[in-house]
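Here are a few notes to go with the structure you asked about. Have it open while you read, and take the points one at a time.

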Amino acid sequence: MVSTKMLYFCHMLSRFILIFICLVSISLYAGNQEEQDTSKQKIDWFPKSYGQKEWKFLLGFDASRSFLQSRPVKINGLRIGLKYRGVHRFGLGIYGLSRDLVFTDLPVDAPDATDTSRVIFGLSYASVFYERVFFRNPKWEFSLPFLISGGSLTGRYEDTAGVFRQNIDQAFSALSGGIQAKYYFWPWLAGRVSTGYRFLFNTSPELKTAFNAPYYGFGVQILVGELYRTIFRKEDSDE
């Protein structure tokens, strides 16, 4: 029998493909409006560099969606680091659930719990990331992101008096890898779709079962560092 987690992932993957097709259509339409002939351009896979600057400061918001106990969750984060030659990105990220996850049907092994006790999970972790761009042009970017993470999952249950008591505080380590596509509307604003898989280790078998899962992401990404450079570059040119 196909698990709920896989059914939901397949459903979201279909959305991923639909968004990707829309972005491709936008790119093709924009390309058809250009007067220059691009038919002789050669695709440069895994370019050694893109752009003029060797180093750039990297700051941006990050978000993805995944599963916890087969329930869909949204994870928000902030990344800070450096970009080298326009195709290598590395640095640190801080992540957490967009909101705590509440269950009403999980058994709780505690004398003061009831059959209807609410259980609230929280998740936070930090990551070291590396991202390799393997295709880039003025509008499109495809890359391979990799993350090594460490964090903790906390859980609280509701006792008979309605007070929440912590019963889980489990540390974990994780490896994540996937593929990401971006379409740049401006240098600081991009449409983004991504998918990959997360593997947990150095933790309990129960947490591995609950959180070893695919992840996916889509939406609009604001590149704070590029926005800052765009604003101040414009101010300098106006002087």
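**Notes on aspartate 159 and its chain**

1. Start with who touches whom. If you skip the neighbours within four places in sequence, aspartate 159 is in contact with Asp112 and Arg165. Keep in mind that this is a predicted model.

2. Is aspartate 159 buried or exposed? Aspartate 159 has a relative accessible area of 7%, and because buried means under 20%, this residue counts as buried.

3. Now zoom in on its polar partners. The side chains of aspartate 159 and arginine 165 are joined by a polar contact of 2.8 Å. The side chain of aspartate 159 also has a polar atom 2.9 Å from the backbone nitrogen of alanine 161.

4. Step back to the whole protein chain, which has 3 helices and 9 strands.

5. How much of the protein chain counts as buried? The figure is 41% of its 239 residues.

6. One last thing to check is how far apart in sequence the touching residues are. Take the contacts in the protein chain between residues at least 6 apart in sequence: 62% of them join residues at least 24 apart.

Technical notes
Residues numbered from 1 in each chain as written. Predicted model: local features only at pLDDT ≥ 70, side-chain atom pairs only at ≥ 80, totals over all residues. Heavy atoms only, no water. Helix = DSSP H or I, 4+ residues; strand = E, 2+ residues; numbered from the N terminus. Buried < 20%, exposed > 50% of the residue type's maximum accessible area, 1.4 Å probe, protein only. Contact = heavy atoms within 4.5 Å. Polar contact = N/O pair within 3.5 Å; in protein donor to acceptor, adjacent residues only side chain to side chain.
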